[in-house]
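Please look at the sequence and the model together, and keep both in view while you read.

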Amino acid sequence: MLKTKRYTITAALPYTNGPLHIGHLAGVYIPADIYARYQRNAGNDVAFICGSDEHGVAIKMKAKEESKSPKEIIDRYDKIIRDSFKNFNISFDNYSRTSLKIHHETAQEFFINLNKKNVFIEKETEQLYDIEAKEFLADRFIVGTCPICRNEEAYGDQCEDCGSSLSSLDLINPKSKLSGSKPILKNTKHWYLPLNKYENFITKWIIDGHKNDWKPNVYGQVKSWIDNGLQPRAVTRDLDWGIPVPVQENKNKVLYVWFDAPIGYISSTKEWAKKNNKDWEIYWKDEKTELIHFIGKDNIVFHCIIFPSMLKASGDYILPTNVPANEFLNLEGKKISTSKNWAVWLHEYLEDFPEQEDVLRYVLTANSPELKDNDFTWKDFQSRNNNELVAIYGNFVNRVIVLINKYYQGVIPKAESLSKYDVIVLNEIHSIPEKIGKSVEKFRFRDALKELINIARIGNKYLADEEPWKLIKTSPNRVATILNTSIQVVGILAYLSEPFLPQTSLKLQKLLRIELFDWDILRNKSILKEGHIINQQELLFKKIEDKEIERQIDKLKKNQSE
């Protein structure tokens, strides 16, 4: 099949200061993976790009907490994160690291290019400085009393109790997290991206151009920033961990992590292209390429205002076609908190539910926080597995495979004359790929998943209505037609499940003895021919018992009490 479109699909670069939890999967990586897999299966040219975000204050703070070097921290968590992505079958074309030479060079080249064009504003400001530690304090290295809600543990950029955005200079009684001492004000020079100069560009591009096709939460947040007026934003920091600012007068200054991190998409694409003898530039500079950023809502400003302003200032990069940011996923009615260990960690999930990665993918997609915050509960996890995956999807497939092996020794029988009901079922099933495609193209993955499970519902009802096991002696030709029709439904499930449940799709391919994927075959009314031999049945899903769920709930309660 000819490649018809080109997509550069990016997923937010995870910080390597901790492992991944279900909120990360639900918010960014499963939706991005579904979209990338779907576009590949549709015959399009896809570069699905990501990598570890390994600079910034968060890494240095974690290193200090654990008495390790930043390099030890990023190496440890990069491996944990990569393993999680591999185990959950996130199909990146390239997963890179911002600590690599190719990224340092790309980020510095980007800065130099903008600096030569006189894009930046250079100015001196007063910032808080720790005399004992002998360094300027990034926002997260400063704590103090919030001037709004009086929380005594507010950070220099945000109060997590009341949610207010703050400046470190707003804090009452600020103190350094490095030494515990009271910081002083000291002059320092930084480079600023004058976002105010790009306000009209952002307004025309997003506010005027994407009101009807971007998510309301994304559009609304961008509009709020524009309405309040954009201000210059520093793109450098006084730190000793990060990418050195490529200027002669640099003194312990590095690129701000939110300047360097999105450039990681570009450097990761370069790395992938070099490995595969491709031209990376067409994925970032060709107007025919569609650039899609999958992110969480806390990253909207960076991907819809700051990074696009950087790309616009550079002059030769394309802009994102869409930024389908999700809202947040809560856990058992509470906000996920890594510091309080109120989370379901991916590596721990697989220890407790081995080889059940697709179950979590299914539940997180069904509960995806696409337009508003949503909630994950262990009871709902159990219910969706037992009542949908086991009782509907798995049950239908198992019945069909068992009956064909029982009556026809695993050979697909010939369909005789189709009844009116057979035709209705086949027509309905063959209308679903288009419905799934339309939902995926609009980033409505929950709706697409409902259509997928509906295929199995239709199949189950068809078998229950026709009852072939009662007709095998009196109407063998009719039984052959029923089971031929049913196996076509299973075949469509095998194809359409791949973006959502890739491991399950592989199991179905093995059962049916087929190899995917040219989705053009879905246009055919018969995708599995008579005489084709299938394998013996294998359970796709298993029931999750109450005691397993109780164990997970007890684990959370224990974490909360510690």
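The side chains of His293 and Thr10 are joined by a polar contact of 2.6 Å, where a polar contact is a pair of N or O atoms within 3.5 Å, one of which, within protein, must be able to donate a hydrogen and the other to accept it, while residues adjacent in sequence count only if both atoms are side-chain atoms. This is a predicted model, in which local features need pLDDT of at least 70 and side-chain atom pairs count only at pLDDT 80 or more, whereas totals for chains, interfaces and linings use all residues. Residues are numbered from 1 along each chain as its sequence is written, and side-chain values use heavy atoms, with hydrogens and water left out.

His293 lies in strand E13; strands (E, at least two residues) and helices (H or I, at least four) are DSSP runs numbered from the N terminus. With a relative accessible area of 0%, His293 is buried, a word that stands for under 20% relative accessible area, with exposed over 50% and partly exposed in between (1.4 Å probe, protein chains only). Leaving aside residues up to four places away in sequence, the residues that His293 touches include Tyr265, Trp284, His303 and Phe307, contact being heavy atoms within 4.5 Å.

Which strands make up the open sheet with parallel pairing? Its four strands follow the order E3-E2-E1-E13, and two strands are said to pair if DSSP finds at least two bridges between them. Strand E3 (94–97) and strand E13 (289–294) are the edge strands, each pairing on one side only. Within this sheet, strand E1 (residues 6–11) and strand E2 (residues 45–52) run parallel and are joined by five bridges, and Thr8 has Ala47 in E2 as its bridge partner.

Another open sheet has four strands in the order E5-E4-E9-E10, and here the pairing is antiparallel. Strand E5 (135–136) and strand E10 (233–234) stand at the edges with a single partner strand each, so one side of each has no neighbour in the sheet. Strand E9 (residues 184–193) pairs with E10 over two bridges in the antiparallel sense, and Tyr192 has Ala234 in E10 as its bridge partner.

From the sheets we can turn to the nonpolar side chains. In soluble globular proteins, nonpolar side chains tend to be buried together. The largest nonpolar core here has 161 residues, of which Phe259, Phe376 and Phe381 touch the most other members; such a core is a set of buried Ala, Val, Leu, Ile, Met, Phe, Trp, Tyr and Cys residues joined through side-chain atoms within 4.5 Å. Helix H12 gives the most to this core, with 13 residues. A second, separate core has 15 residues, among them Val57, Met61, Leu128 and Cys159.

Helix H12 (residues 378–408) also has a kink of about 40 degrees, centred on Asn395, the bend at a residue being the angle between axes fitted to the seven residues ending there and the seven starting there. After H12 comes Gln409, whose phi is positive, near 55 degrees.
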